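Subject: Handover of a structure and notes on its features

Dear colleague,

Please find below the structure that I am handing over to you.

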Amino acid sequence: MNHLVKFAAVVSFALLASTGAQAQDCPVSTTEPFDLTEADIDSIYACIGDRMVEGYTKGGDMVAKNYRNWTVSGTRHGVAGAHGNRLLLTYANDIAAEQYLKFAEEDVVMSVGARLAKESIKINKKKNAAVVGPLFLMTKLAAGASPETADWLYGGIQPNGKPMKFKQSFCHDCHMSWEEQDYLAYPLEDVRVSN
Ligand code: HEC
């Protein structure tokens, strides 16, 4: 190792040590998700985007492999507050896309087989860095398949590719607020793709 490289290594280690970040982390300018600017979110996504899919696909899940080829419903990740203040971006499959992207507020009925996959990024305050959050899923089942969740199946894939474990009611109790929209909450208005 020549002196210059050694010096650079020492300096970067010192910088990492001072922020608590690891070399593989995606640094953030603020750990308060609501204070992130559009430019901050762009640079976080540039750093973490590929890593998200790498993680979600570790268990071989087909939705994890495919969702980025679906129709994206947002212009960038939004911070809605729900879903743990994470940065959220939702993709709709072919069956869901046309109806979902209308962001209609009344009498919404999604077709059987409609799927929404919402990737998420968490700001880790201790690490002062952005880390991959779960991939949240909703799938519309056949009529009558799950009356207690209005035939929606809630799912999730952890950043390590393993399925998340939770009660359906944990998700549905909150999504119930959007009954007129077939229980869909939609992205924040300022990040919705125009249609
Ligand atoms: C405290 C309320 C709350 C809980 C609990 C909740 N969600 Fe959501 N969910 C929202 C909101 C608000 C949005 C829209 C925000 C956004 O995507 O920017 C949303 C959006 C979604 C979407 C995108 C489709 C849509 O509704 O527009 C999916 C998929 C999703 N949630 C899955 C889940 C799953 C799976 C769980 C349980 C593990 C869950 N949600 C729990 C509030 C909640």
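The paragraphs that follow describe what was found. Please bear in mind throughout that this is a predicted model.

**The iron site**

I begin with the metal. The iron atom of the ligand is coordinated by the NE2 atoms of His83 and His175, at 2.0 to 2.1 Å. There are 6 donor atoms around the iron, and because they subtend angles of 83 to 179°, the arrangement is octahedral. For reference, ideal angles for six octahedral donors are 90 or 180 degrees. Histidine 83 is located in the loop between β3 (78-79) and β4 (87-92), while histidine 175 belongs to helix α5 (residues 168-175), so the two histidines tie together parts of the chain that are 92 residues apart in sequence.

**Strand β5 and its partners**

Strand β5 (115-124) deserves a paragraph of its own. This strand is mostly covered, with 7 of its 10 residues buried. β5 pairs with β4 in the antiparallel sense over 6 bridges, and within this pairing tyrosine 91 has alanine 117 of β5 as its bridge partner. Strand β7 (residues 135-140) is likewise antiparallel to β5, with 4 bridges between them; here leucine 116 stands opposite methionine 138 of β7. β6 is also joined to β5 by 4 bridges, and these two strands run antiparallel. Isoleucine 123 has alanine 130 in β6 as its bridge partner.

**Two residues with a positive phi**

The hairpin of β5 and β6 has 4 residues between the strands, and asparagine 128 takes a positive phi near 55° there. Asparagine 128 is not a glycine, and at 24% relative accessibility it counts as partly exposed. Aspartate 107 is a further non-glycine residue with a positive phi, of about 50°. Aspartate 107 lies in the loop between α4 (94-100) and β5, and is exposed, with a relative accessible area of 65%.

**Salt bridges**

How many salt bridges does a search of the whole structure find? The search finds 3.

- Glutamate 32 forms a salt bridge with lysine 125, the closest N and O atoms being 3.9 Å apart. The pair links distant parts of the chain, 93 residues apart: glutamate 32 is in the loop between β1 and α2, and lysine 125 is in the loop between β5 and β6. Glutamate 32 is partly exposed, at 30% relative accessibility, and lysine 125 is exposed, at 51%.
- Arginine 68 and glutamate 119 meet through their side chains in a salt bridge of 2.9 Å, N to O. Arginine 68 lies in the loop between α3 (62-66) and β2 (71-72) and glutamate 119 in strand β5, so this pair ties together parts that are 51 residues apart in sequence. Arginine 68 is partly exposed, at 26%, but glutamate 119 is buried, at 0% relative accessibility.
- Aspartate 182 and lysine 140 form a salt bridge of 3.0 Å, N to O, between their side chains. Aspartate 182 is in the segment after α5 and lysine 140 in strand β7, so the pair ties together parts that are 42 residues apart in sequence. Aspartate 182 is buried, with a relative accessible area of 5%, and lysine 140 is buried as well, at 10%.

Which side chain of opposite charge is nearest to aspartate 25? It is lysine 127, at 4.1 Å. Aspartate 25 is buried yet has no salt bridge, the cut-off for one being 4 Å. The residue sits in the loop between α1 (3-19) and β1 (26-27). Leaving aside neighbours within four places in sequence, aspartate 25 is in contact with Cys47, Arg51, Lys127 and Ala129.

Threonine 30 is placed in the loop between β1 and α2 (38-56) and is buried, at 18% relative accessibility. Not counting residues up to four places away in sequence, threonine 30 touches Asp35, Leu36 and Ile123. The C-alpha atoms of threonine 30 and aspartate 40, which are 10 residues apart along the chain, are separated by 8.9 Å.

With kind regards

Note on methods
Residues are numbered from 1 along each chain as its sequence is written. This is a predicted model: local features need pLDDT of at least 70, side-chain atom pairs count only at pLDDT 80 or more; totals for chains, interfaces and linings use all residues. Side-chain values use heavy atoms; hydrogens and water are left out. Donors are N, O and S atoms within 2.8 Å of the metal (3.2 Å for Na, K and Ca); water is not among the atoms, so sites may look incomplete. Four donors count as tetrahedral if all angles lie between 85 and 135 degrees; four count as square planar and six as octahedral if opposite donors are over 155 degrees apart and all others between 65 and 115; anything else is irregular. Buried means under 20% relative accessible area, exposed over 50%, partly exposed in between (1.4 Å probe, protein chains only). Lys and Arg count as positive and Asp and Glu as negative; His and the chain ends are not counted. Contact means heavy atoms within 4.5 Å. Two strands pair if DSSP finds at least two bridges between them.
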